[in-house]
Amino acid sequence: MAAVRARPNLRLSIPTETNTCPRFSFPVPLTTSLSIINTPQTIQQLSDLDVLEVLGQGNSGTVYRVIHKVTSDFYALKIIRSDCDPIIRRQSLREIEILRCTRSPYIVQCDGVFEKACGDIAIALELMDAGSLDYLLKTNGSFTEKLLSKIAGQVLKGLNYLHAQKIVHRDIKPANILVNKKMEVKIADFGCSRIMCRMLDTCDTFIGTRAYMSPERYDPSAYGGNYNGYAGDVWSLGLTIAELFLGYYPLLPPGENPDWITLMCAICSGEPLSLPETSTSPEFRDFIGCCLHKDFSKRWTVSQLLSHPFVSQSQDLAS
């Protein structure tokens, strides 16, 4: 576990505690209407789907497992209520915009978007029937290094695709990476993502789940006022993989429920994370270190990490 040392010179703006994605301005060009639903989609009518069960509920609405009446294919149907928080609805429109323009085996597929007469938005998504990595961690316990090598490779391929499309996810964490029963891993939840107009644009808004934010997002002045969103995704991936191995959030003691300041200090001022040498390979420890350089200019890129021995060894075994 990383020790925390004091750092008195942090100049930070503390976000509100009301939402994991605080209400700062959104620079992304947002879809103001649902005209995108006219693009070709797998499911033509919402009435073609029968609801089977509730998969989950949240502040914005409900997710159902549904079946297509004609094809008997299963989907996840996400209903965004018309009366939900405007910020959440705006994030949902952002997610639709990104999902409808992405096609990758490592990204959860959107198969249809519909606006109901009451104003609710229905999004039909590829069903990932094993749940999220967060769910698997809580139900089955920590992951083996061998399995994490395969998971990291698939997530990196998804990020590589997104970054090539100039999309920064900004909220990579175990709960936003979904798995099916074939152990195929796919990135989901694009409500906090940003489409970059140019490859060298910066992401300077406070978006995403705080525990997985990189140091330069908390304290940009320490890094020349710059923030590379692509490098931020890499930091989040490194924390995610380390958490899945350890079984708990890696920058704090197990079971600790920190306040915002404690979390910020652990990320910005803590010593570099070191995994136990007795239970990990040098390749795994080096991979985590390459993801978690506090200086984002020294952090490995997604394309570099795809050729890292920790990842490439699982590719070699699969081929």
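Colleague: Over which residues does pLDDT stay under 50, with 61 contacts beyond four places in sequence?

Modeller: This is a predicted model, and its chain has a mean pLDDT of 82, with 80% of its residues at 70 or more. The stretch with 61 contacts beyond four places in sequence, where pLDDT stays under 50, is residues 11-39.

Colleague: How many contacts beyond near neighbours in sequence does the model have for residues 196-208?

Modeller: Residues 196-208 also have a pLDDT below 50. Beyond near neighbours in sequence, the number of contacts for this stretch in the model is 48.

Colleague: Why is helix H6 largely enclosed by the rest of the structure?

Modeller: Helix H6 covers residues 260-269. Among its buried residues are Trp260, Leu263, Met264 and Ile267. H6 is largely enclosed because the buried residues number seven of the ten.

Colleague: Which helices do the buried residues of H6 pack against?

Modeller: The buried set in H6 also includes Ala266, Cys268 and Ser269. The partners of the buried residues are helix H4 (215-218) and helix H5 (229-246).

Colleague: What volume does the largest cavity have?

Modeller: With a cut-off of 30 Å³ or more, the count comes to one cavity. The largest cavity has a volume of about 60 Å³.

Colleague: How many nonpolar, polar and charged residues are in the lining of the largest cavity?

Modeller: The lining includes Trp235, Leu251, Ala266, Pro272, Leu273 and Leu292. Gly270, Glu271 and Lys294 also line the largest cavity. By class, the lining has six nonpolar, one polar and two charged residues.

Methods:
Residues are numbered from 1 along each chain as its sequence is written. This is a predicted model: local features need pLDDT of at least 70, side-chain atom pairs count only at pLDDT 80 or more; totals for chains, interfaces and linings use all residues. Side-chain values use heavy atoms; hydrogens and water are left out. On a 1 Å grid over the protein atoms alone, a cavity is a set of points where a 1.4 Å probe fits but cannot get out, and a pocket is an open set with protein on both sides within 12 Å along at least five of seven lines; lining residues have an atom within 4 Å of a point. Grid points are joined across faces, edges and corners, and a volume is the space filled by probe spheres set on the points. Ala, Val, Leu, Ile, Met, Phe, Trp, Tyr, Cys and Pro count as nonpolar, Asp, Glu, Lys and Arg as charged, and the others, Gly among them, as polar. pLDDT is the predictor's confidence in each residue, from 0 to 100. Contact means heavy atoms within 4.5 Å. Buried means under 20% relative accessible area, exposed over 50%, partly exposed in between (1.4 Å probe, protein chains only). Helices (H or I, at least four residues) and strands (E, at least two) are DSSP runs, numbered from the N terminus.
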